[in-house]
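This report describes two kinds of interface, one within a chain and one between chains. The sequence and structure are shown first.

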Amino acid sequence: MGSIGVLLVTPVLPYLEQELDKRYKLFRAWDYPETAQLLAQHATSIQAVVGNSGAGADAEMIEALPKLEIVSCFSVGVDKVDLEKCREKGIRVTNTPHVLTDDVADLAIGLMLTLLRRICECDRFVRSGKWKHGDYKLTTKFSGKTVGILGLGRIGQAIAKRAEGFNCSICYYSRTEKRNSKYKYYPSVVELASNCDVLVVACPLTEETHHIINREVINALGPKGFLINIGRGKHVDEPELVSALVEGRLAGAGLDVFENEPVVPEELFGLENVVIVPHIGSGTLETRTAMADLVLGNLEAHFLGKPLLTPLF
Amino acid sequence: MAEEANNCSNHLQDLPKVLVLGPPLSFQFLQPLYSHKFNFLKPHLSDFSLQHFINHHHPPSILAILCGTKFSVTADVLRLLPSLRLVLTASAGTDHIDLSDCRRCGIQVTGVGALFSEDVADMAVALLVDGMRKISEADRWLRKNNRDNTPWDLFPLGSKLSGKRVGIVGLGSIGMEVVKRLESFGCIISYNSKHKKATVSYPFYDSVVELATNCDVLVLCCALNEQTKHIINREVILALGKGGFIVNVGRGGLIDETELVKCLMEGEIGGAGFDVFENEPHVPKELFKMDNVVLSPHSAAITVESFMDVCELIGGNLEAFFSNKPLLTSVMLPK
């Protein structure tokens, strides 16, 4: 297998990079100042691409790799892969579902708690010595609030289960209503936003869900409403979100993802009613290792002609 | 005008007196709601000593005290009020009140009962998730490093919370709310309490050291008293181990703070989340430089919702007391 060429498009967990290097002929995209140069030299050697939430395989790259057989994503989201082009060319695509569900759901609830209870601000308050001069102000109770979930897939359901532990009421929007669900369904995102206190984005990014959180939804969520995004930055019309936060038309936001990572809108740094973190949804050693093993397992299965572990197709 | 003023002050004289000590943070919200029903005496606004202030207000007519956790209601204070029948604290904890002396003098003591339990449990889980997943650390990091375009994969990985073994120290109202929340994260619960609880099936450990040996996380939810002072000592911390995490939403005195700071500095424990400290608002400055701790200024119950609830409860308890009806909440006094 050492002669099979694998292109790693972006830095990943060291364990994954090391294993890929051991098992295959590994090309690291960042070793080349221009992708064009990489392609010119090695295009015909590359049979597999490994990407993540930040970078994958677009139509241009797929066209440039005539021997490409499989794209194995080190993420559950595959919005950086041109799925249509892959289908067209019979290229297999795999991702890392299930193993990161718990971590992402934990973070979603963590962001809700940190945001409503102002944990980051409180921590800053104590570290700055201000506590000696007076107490921190009143915050907002989380237990018992209504949580609206956009996308009731694996991650959405895991978030719902945790929120129920806090006596929260759960409602959701999904492409289609889940008939066996005990949670209240709303047929539109605006209606969902109007009827919840905390709205969390937990669906895949597709053409349909691009900017699904727009001005209308933000206004429906309102000045007492909170937005949590653990999906993709492009789910949210970011300039609209920023102006709503700055103008007080939204109570606050907890964001793990941004439209143009690693760029974070400057205005957010000046706000105390936002919690911003650098895409750490699956960021634990346990989970990233499990994800890496899925990537490696999928590649191995493919090149041995065995059934893939977690294929999309 | 003078007559009106006279009428007002006469009216005030008729209202039952409540001596406000501290004052508790909730008093600023309580006062406007109930000042037409009770005469709140406020020594904190006076330059006089407490004794002088009380003597000025005819001590035999003072039957009730309202206090918060920052004022110690000691035997000396109780001695100043020979007619005292009720101490009302706007807190769940009662370690700032000499409960034995209250029992001796036949004084009833009431707290907030289970009113704050949800908010405090929320804080416990918030400190735990934040600490293990590095949320505050990440927010801090992003605000500091983003302008340099520091690559995000340089931010260190956190620790998974789901499925971890969590030991609850003190399975009272707050402890049970914490359990409910962490069970929904798939955590495995065990506990240590004064007595084993027949109503729950979680594994019970006789000692906190044994509990710590068998857990990844400890959450402190018990009251502070002679038996629980420094219940978290070096032996317990080392038993929890290098990857372990401690959350304290009880009282600072539950932990040997100097020892915990030392263990954090030596890397003997993974991290900690504190809402309370031994000597509030003083916080060991070594903690300010650490990324693996989350610090909160004793604000677990300080939410809009809890404060609205506590005003209603205190008002209700005062009304019940002064009309000789049963109190809405009461505290068990030690034998």
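## The inter-domain salt bridge

In this predicted model, B:Asp95 and B:Arg251 are joined by a salt bridge whose closest N and O atoms are 2.9 Å apart. One salt bridge is found across the interface of domain 1 of chain B and domain 2 of chain B. Across that interface there are also three residue pairs in polar contact, both residues of each pair being at pLDDT 80 or more. On the side of domain 1 of chain B that touches domain 2 of chain B, the residues comprise two nonpolar, three polar and one charged.

## Domains of chain B

Domain 1 of chain B is made up of two segments, 2–115 and 304–322, while domain 2 spans 117–295. Between the C-alpha centres of domain 1 of chain B and domain 2 of chain B the separation is 34 Å.

Contact between these domains involves six residues of domain 1 of chain B and five residues of domain 2 of chain B. Together, domain 1 of chain B and domain 2 of chain B bury about 470 Å² between them, with carbon and sulfur atoms giving 39% of this area. Of the area that domain 1 of chain B buries against domain 2 of chain B, 68% comes from B:Asp95, B:Ala114 and B:Ser306, more than from any other three residues.

## The interface of chain A and chain B

Between the chains, 63 residues of chain A are in contact with 61 residues of chain B. The area buried between chain A and chain B is about 5300 Å², and carbon and sulfur atoms account for 58% of it.

Eight salt bridges cross the interface of chain A and chain B. One of them pairs B:Lys164 with A:Glu286, the closest N and O atoms lying 2.9 Å apart. Polar contacts between chain A and chain B number 32 residue pairs, with both residues at pLDDT 80 or more.

## Elements on the chain A side

Several elements of chain A each supply at least two residues of the side that touches chain B: helices H5 (101–116), H6 (119–127), H7 (154–164) and H11 (285–303), together with strand S12 (274–276). The greatest contribution to this side of chain A is that of H5(A), with nine residues. By class, the residues of chain A on the side that touches chain B are 31 nonpolar, 13 polar and 19 charged.

Conventions:
Residues are numbered from 1 along each chain as its sequence is written. Chains are lettered from A and ligands numbered from 1 in the order in which they are written. This is a predicted model: local features need pLDDT of at least 70, side-chain atom pairs count only at pLDDT 80 or more; totals for chains, interfaces and linings use all residues. Side-chain values use heavy atoms; hydrogens and water are left out. Domain bounds come from an automatic or database domain assignment. Contact means heavy atoms within 4.5 Å. Buried area is the accessible area (1.4 Å probe) that two parts lose on being put together, summed over both. A salt bridge is a side-chain nitrogen of Lys or Arg within 4 Å of a carboxyl oxygen of Asp or Glu. A polar contact is a pair of N or O atoms within 3.5 Å; within protein, one must be able to donate a hydrogen and the other to accept it, and residues adjacent in sequence count only if both atoms are side-chain atoms. Ala, Val, Leu, Ile, Met, Phe, Trp, Tyr, Cys and Pro count as nonpolar, Asp, Glu, Lys and Arg as charged, and the others, Gly among them, as polar. Helices (H or I, at least four residues) and strands (E, at least two) are DSSP runs, numbered from the N terminus.
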